[in-house]
Amino acid sequence: MVTRTALTGIAGLTSLALAGQGGAIAPLEWGAGPLTVSALPRVVYTAHRGGAREVPENSMTGLMTAYERGTAQVLDLDTRILRDGTMVVMHDATLNRTTYLGGPVDALDRRDWQGVRLRPRDALPGSWRSERPPTLAEVLDRFGGRVVLMVEAKDPRSLRAIAAMLRERGLTRSVLVNSNHPAVALRTHRLGLLSQLWRSAYQMRTDRPARWRPFVDVLDVDHKARDRDLVRAVRSGIPRVWAHTVVTPAQRDRALALGCDGIITDAPGRLARARVRAWSRRQGQRRGKDQGRHRSQGQGQGKSQGPGQRGAMP
């Protein structure tokens, strides 16, 4: 169970604490400076896009809600760059899926961005108002140093701008910069930032993650990968290996049993309420056989997944 504990002597700030199975609470220490990755607990929960099955994704309200609920120690968000260089929080290259507008994000400038409004999904629990998607500067100023952030740089051209923003705010050890490309992770490391590299199940079949150990701080692996691919990632020597994008307790339990020490989830509240249970490889083998049988039965119905889909992160 994850809980939030108020710190005395620091007005307006709170920190996350993880309650162990024995009930003891181990607070994350703020010290005199911002909260950093080194202060994270042994097992880390990340709210993917703020927890996209529970709150409007990549919204300021959603990120604030995830922060206040205290069910994750890391908040994840995606960034895009506008035509005038402004960094904004948005997953897709276009506005179509998540807003009331359409067209490419990079066709807008900062002034245009003021008129964009998010469209909360009907399936979300609760009631949510429409709001403007935040800029990266607004998110860093609101949460920087109060919680660890994971920023996926959708456009590698933005790395230097992101680095400058983090240095200006003293957040180079508090923000993970994520990408799907090893070359971008290396550039991130050389800029003095914390680098995170995510890989799909399809990519993991041929990956040799030990090669990335010198410059990757967090390896972000697909929970759908084969057992042996997950274990190879865990044994790579990379300091932290977190599984994405987990939505059920069973998926979480398998990733933890195979050695992952972090869970990236669209449903942090749901997982916080579900106790971790023992998982065995025999269960996984049985599940894999069942899935294989179902796939073979459905091939004639056109349900197989093509290679182009396999490389996409949910």
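Where is the place of V116?

View 1. V116 sits in the loop between α2 (110–113) and α3, helices being DSSP runs of H or I with at least four residues, numbered from the N terminus. V116 is buried, with a relative accessible area of 0% (buried means under 20%, with a 1.4 Å probe and protein chains only). Leaving aside neighbours within four places in sequence, V116 is in contact (heavy atoms within 4.5 Å) with L95, T99, L101, L108, E131, R132 and P133. Of these, T99 is 17 residues from V116 in sequence and 7.0 Å away in space, C-alpha to C-alpha.

**View 2. The packing of α3 against α4.** Helix α3 (residues 136–143) and helix α4 (residues 159–169) pack at an angle of about 25 degrees with their axes 11 Å apart, and the two are therefore roughly parallel to each other (angles under 35 degrees). The contact involves L136, A137, L140 and D141 of α3, together with I162, M165, L166 and R169 of α4.

**View 3. The largest nonpolar core.** Among its 55 residues, L75, F143, L149 and V221 touch the most other members, a core being a set of buried Ala, Val, Leu, Ile, Met, Phe, Trp, Tyr and Cys residues joined through side-chain atoms within 4.5 Å. The largest share of this core, 5 residues, comes from α4.

Residues are numbered from 1 along each chain as its sequence is written. In this predicted model, local features need pLDDT of at least 70 and side-chain atom pairs count only at pLDDT 80 or more, while totals for chains, interfaces and linings use all residues, and side-chain values use heavy atoms, with hydrogens and water left out.

Notes:
Axes are lines fitted to C-alpha atoms, for helices over the stretch in contact, and angles run from 0 to 180 degrees between N-to-C directions. Angles under 35 degrees count as roughly parallel, over 145 as roughly antiparallel, 65 to 115 as roughly perpendicular and the rest as oblique. Buried means under 20% relative accessible area, exposed over 50%, partly exposed in between (1.4 Å probe, protein chains only).
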